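Me: Please take a close look at one part of this model and describe how it sits within the whole chain.

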Amino acid sequence: MQTKLLNFMQEKFIPKVNKITNNAWIKGIQQSIISILPFILVGSLVTLIMLLNNIKSNLIPDLNDMSTFTFGMLGLFLAFLIPYHILENYKNEKKILAGFTALALYLMLIKPTFVSDVSYIKFELARFGSGGMFLSIVVGLVVAAVMLLAAKFSFFSEDTVLPDFIVTWFDSLIPIAVLIFMGWLGLTIKNVDIFKFITWVFSPLSFVGQSYLGFVLIVFLYSFFYSFGISTWALSPIVYPVMFSGIAQNAALVSKGLAPTNMTTYEVFYSAFIAAGGFGFTITLSIMMMLFAKSQQLKTISRATFPAVIFNINEPLVFGAPIAFNPILMVPMWINGLLVPLIAGAAMKLSMVPIPAKVFQLWYIPFPISTYLTTGIKGVILFILLFVITWMVYFPFFKTYDKQLYTQEQASK
């Protein structure tokens, strides 16, 4: 059974996943999300610095505007970056024009209002941020599609003597005009709010992603993919908008005096409970290998990879132990990929531990320090419980694998 599963994953599933993730369109969205990570980290650093005010009030001035103009601008940034990266993947020289066009179209479709005259425009600030990521993805894809379609036609022959920039200007006029006209329609037609419509269209995705079962499924898929050496970036175009909008909604609820409700957030995954050492809660396996391994191979790998695991970098251990394509260690990784979100999700649902409500996406801070910073002492207690449970899951599989390697090493001597 295990051999059939491994063969299926290697021969059928993984090539198809790689084909999807290497697609110019999906890859463009992934590249765009990677590009905005520094802005997300700045917003998280603001949250970390502001925690000092818990020690002494007014110790640090209010820096929340820094977060507003970094993390709070994700939708705006993505609107430019998505068509830019897609056209770049197609080696299309109009990538900057596509980015600017998408930026203009995005600003029109978030439905600003004109005050007294056209000299003043009012924007709803929340529409610039993570809440606008679904709109920015749609806008970016539409702009990229129109620009690539228009690139198949030209006003000029290939042997024209006109400079290239003149050719680019004229050939870009029609697609830009068509796209901006679409924005004008969305801006001027009363009772039509494209932002709300796109949010409504994607609301089932957010609803499923933020449900208890959706939370568990996403964490399991992350662990499952990792066990086959597939980067979790394959899921980023779907999961990240849900995560980022989720933490923004949590913050909005808390500002109104309500309790946060969204569990599928970057903070829960990478800072509170889920990805300790990496998905599959691999920090327990790493410590286990370092303390109890008899085989020289596992001892050496554990010492070499432990510094990375402490800072939640999973790949050295996944490919070094290896966990990937190793049935003995893949199975406990899958089990923990289910148990950890089932237990952590239930604890948050029952209000036994708080759900994070502030942007804190410094994924490289070691657990349980990041757990304490995002969920307090109750979160640390839950982390210790998860550590014990995942240890119990990994241990018999680890002992089996270690004995196998040790026997081989002794036989080779």
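Reply: **A buried serine and its surroundings**

Not counting residues up to four places away in sequence, Ser223 touches Phe279, Gly280, Met333 and Gly337, where contact means heavy atoms within 4.5 Å. The model is predicted, so local features need pLDDT of at least 70 and side-chain atom pairs count only at pLDDT 80 or more, while totals for chains, interfaces and linings use all residues. Residues are numbered from 1 along each chain as its sequence is written, and side-chain values use heavy atoms, with hydrogens and water left out.

Ser223 belongs to helix α10, residues 212–227 (helices are DSSP runs of H or I of at least four residues, strands are E runs of at least two, and both are numbered from the N terminus). Because its relative accessible area is 0%, Ser223 is buried, a term that means under 20% relative accessible area, with exposed over 50% and partly exposed in between, for a 1.4 Å probe and protein chains only.

Tyr240 and Met243 are among the buried residues of helix α11. The 20 residues of α11 (residues 236–255) should span 28 Å at 1.5 Å a residue, and its end C-alpha atoms are 28 Å apart, which agrees; the expected span is 1.5 Å times one less than the number of residues. Just after α11, Gly257 takes a positive phi of about 85°.

For the setting, the chain has 17 helices and 2 strands, and 48% of its 413 residues count as buried.
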